[in-house]
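Open your viewer and follow this tour stop by stop. Each stop says what to select and what is there.

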Amino acid sequence: MNVDIVTRPELKAAAIRVPRDGTEVRRAWKKLEALLTDHPAATDRANGYVFIPEWQWATEVTTLWVGVAVASFDGLPSGLETLTIPEKTFARVRVQGDAAMMQATYAALGEWFRTGPYERDVEEGSLGYERNRLEPVNPFHIPANVIDTFDYDIYAPIKGLKKEGHPAFPGVIGAEVRKGPDRRIVGLEMSVVDRKAMRPEVEIPRFWQRVMPRLGEIRDRKRPYATIGLYVYEPPFGPGQDFRYFAGAEIEPDSEAPLPEGMTERTIPAGEFLAVTYRGKADGFGRVWDFFHGHWFPRQTAYDAIDDFEYERHDERFLGTDREESVFELHFPLRPRVRDSRLTEKIVVDEKGGHTLQDLRGESVRMVSFRGASLHGIDMREASLRHVNFVGSEWEHIYFADVRINMIQMGGAVFENIRRPDATASRLDEEPGTDGWVNVEPVTFRDSDLSEARFENCDLRDVSLDGCRIEGMRIDGIPVDALLAAYRSKQS
């Protein structure tokens, strides 16, 4: 079962309350169609909703609401109830299959909540819902005693992380998306550029020892008082990268006070952030990054991460770096993910991850501009790309096993962190996804112009150069043609 964590905007619905009975659900839907099919308030005409009172899961769910999404409640026909579900985070799972699969999916979702880090919102008034696709077949038009195939999404409301914290990320006790304004920060700045000489977990607390005595010099500090640690990154983004760290305090947005000597000002831009709350000693802060990058972000579909920066916020709950009861927040900037556009109605299932992919296998896609587009989760095995402009594009986590690249102009290109697979044999899984692929065959450059290329800090063991021009080629400053001449002279 694949569970996504999604944040849904406020949902208004016109609904009819019914007992938990398939026949009654379909009667209610027929009435809704008669009342709202042409009504101007109706929205999301591609889906029909069944709302579930979450508090009834403690005993038995006996009541449902069958509903239609509406833009407002003005002018609705009489006899309908109105429901408003505020913007909220949900666990979303897709039900696909027969009645047994439907029951198994509900059971698996309950187990996911029971054993996982998130607490289901089962308080009085909390509603979950089923979002039923009405195309290509409207399931409400099929009698309850006849329907044997289901395809809809369950949205189960999430209250938050469990009070005891996340079992896989000890110390992480909260995570929620928040909207933040522009924040003006005044303080001191340092660079972390050499991880062998500078360990951030040591240098940053030491840096704060310089900053803390000077916080009183900052005028117009915003109340309630809090300190801010801002991480500013430069591409390429990834583990162990260099960054600048800015330690200081937030000031009032309209402050015109002069800066203290030696201090600078930065602005954290307004936007949406995932605020992760951590409780524990400073040496466990890394679990917060692991939680965001390894758990929360991959399991949701509503947001993309902004890699440029993130910031930590310490308020009165922070008692020191060596106190187990210390609490602080780390804020990760987000941007709403642009809704994916469908190129085809055909689908194929990634057997490894359970993801549903658009099926363009064997299709011909011509004369298309993907400028600025985001391509994610793409299976392009055996595809052919010709006359393609990749200027300024970024490639990451790309599988190039058995790829043939011909007639490529790569002026200014940089190859970094290229690695040979750590395996003794190739393993190519025949699946739509790419996880688990390994190809240990050698990389070949043939009939290529690599003049003036630079190879720096590369592993070139067992590299073979055959029939190549080498005028001016040097290895650690030594001309290769001179080395070859000396070698041949010695051999003769």
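Start with Arg114: at 57% relative accessibility, this residue counts as exposed, because exposed means over 50%. Keep in mind that you are looking at a predicted model.

**Stop 1: helix H2**

Which helix holds both residues? Arg114 and Glu111 lie in helix H2, residues 99-115. They are three residues apart, about one turn of the helix. Their side chains meet in a salt bridge, at 2.6 Å from N to O. Glu111 is partly exposed, at 36% relative accessibility.

**Stop 2: helix H3**

Select Glu203 and Arg206. Both belong to helix H3, residues 200-211. Because they are three residues apart in this helix, about one helical turn separates them. Is Glu203 buried or exposed? Glu203 has a relative accessible area of 18%, so it counts as buried, since buried means under 20%. Arg206 is partly exposed at 48%.

**Stop 3: more salt bridges**

Go to Arg323 and Glu325. They form a salt bridge too, with 2.8 Å between the closest N and O atoms. Arg323 is partly exposed at 38%, and Glu325 is partly exposed at 40%.

Now select Glu176, Arg178, Arg313, Asp315, Arg317 and Glu329 together. Salt bridges link these six residues in a network. How many salt bridges does the structure hold? The total is 29.

**Stop 4: a negative patch**

Show the surface. Select Glu234, Asp307, Asp308, Glu394 and Glu396. They gather there in a patch of negative charge. Zoom in on Glu396. It sits in the loop between strand E20 (356-358) and strand E21 (474-475). At 60% relative accessibility, Glu396 is exposed.

Stay in that loop and pick Asn457, which also lies between E20 and E21. Asn457 is exposed at 83%. Its phi is positive, about 55 degrees, although Asn457 is not a glycine.

**Stop 5: another positive phi**

Jump to Asp44. Where is it? Asp44 is in the loop between helix H1 (22-36) and strand E3 (47-53). Its phi is near 50 degrees, a positive value in a residue other than glycine. Asp44 is partly exposed, with a relative accessible area of 23%.

**Stop 6: cis peptide bonds**

Select Glu135 and Pro136. The peptide bond from Glu135 to Pro136 is cis, with omega near 0 degrees. Pro136 is in the loop between strand E8 (127-133) and strand E9 (150-161).

Then select Arg223 and Pro224. A cis peptide bond joins them, with omega at about -5 degrees. Pro224 lies in the loop between H3 and strand E12 (227-233).

**Stop 7: a buried strand residue**

Find Ile268 in strand E14, residues 264-268. Ile268 is buried, at 1% relative accessibility. Ile268 and Asp182 are 86 residues apart along the chain. Their C-alpha atoms are separated by 5.6 Å.

**Last stop: the whole chain**

Zoom out. The protein chain has five helices and 22 strands. Its radius of gyration is 29 Å, well over the 23 Å that the globule rule gives for 492 residues, so the chain is more spread out than a compact globule. Along the principal axes, the C-alpha atoms fill a box of roughly 100 × 65 × 40 Å. Buried residues make up 36% of the 492 residues.

Note on methods. Residues are numbered from 1 along each chain as its sequence is written. This is a predicted model: local features need pLDDT of at least 70, side-chain atom pairs count only at pLDDT 80 or more; totals for chains, interfaces and linings use all residues. Side-chain values use heavy atoms; hydrogens and water are left out. Patches are made of residues with over 30% relative accessible area and no salt bridge: like charges are joined within 9 Å, nonpolar side chains (Val, Leu, Ile, Met, Phe, Trp, Tyr) within 5 Å. Accessible areas come from the Shrake-Rupley method with a 1.4 Å probe; for residues, only the protein chains shown count as cover. A salt bridge is a side-chain nitrogen of Lys or Arg within 4 Å of a carboxyl oxygen of Asp or Glu. Lys and Arg count as positive and Asp and Glu as negative; His and the chain ends are not counted. The place of a charge is taken as NZ of Lys, CZ of Arg, CG of Asp or CD of Glu. Helices (H or I, at least four residues) and strands (E, at least two) are DSSP runs, numbered from the N terminus. Buried means under 20% relative accessible area, exposed over 50%, partly exposed in between (1.4 Å probe, protein chains only). The radius of gyration is taken over C-alpha atoms; the globule rule is 2.2 Å times the number of residues to the power 0.38.
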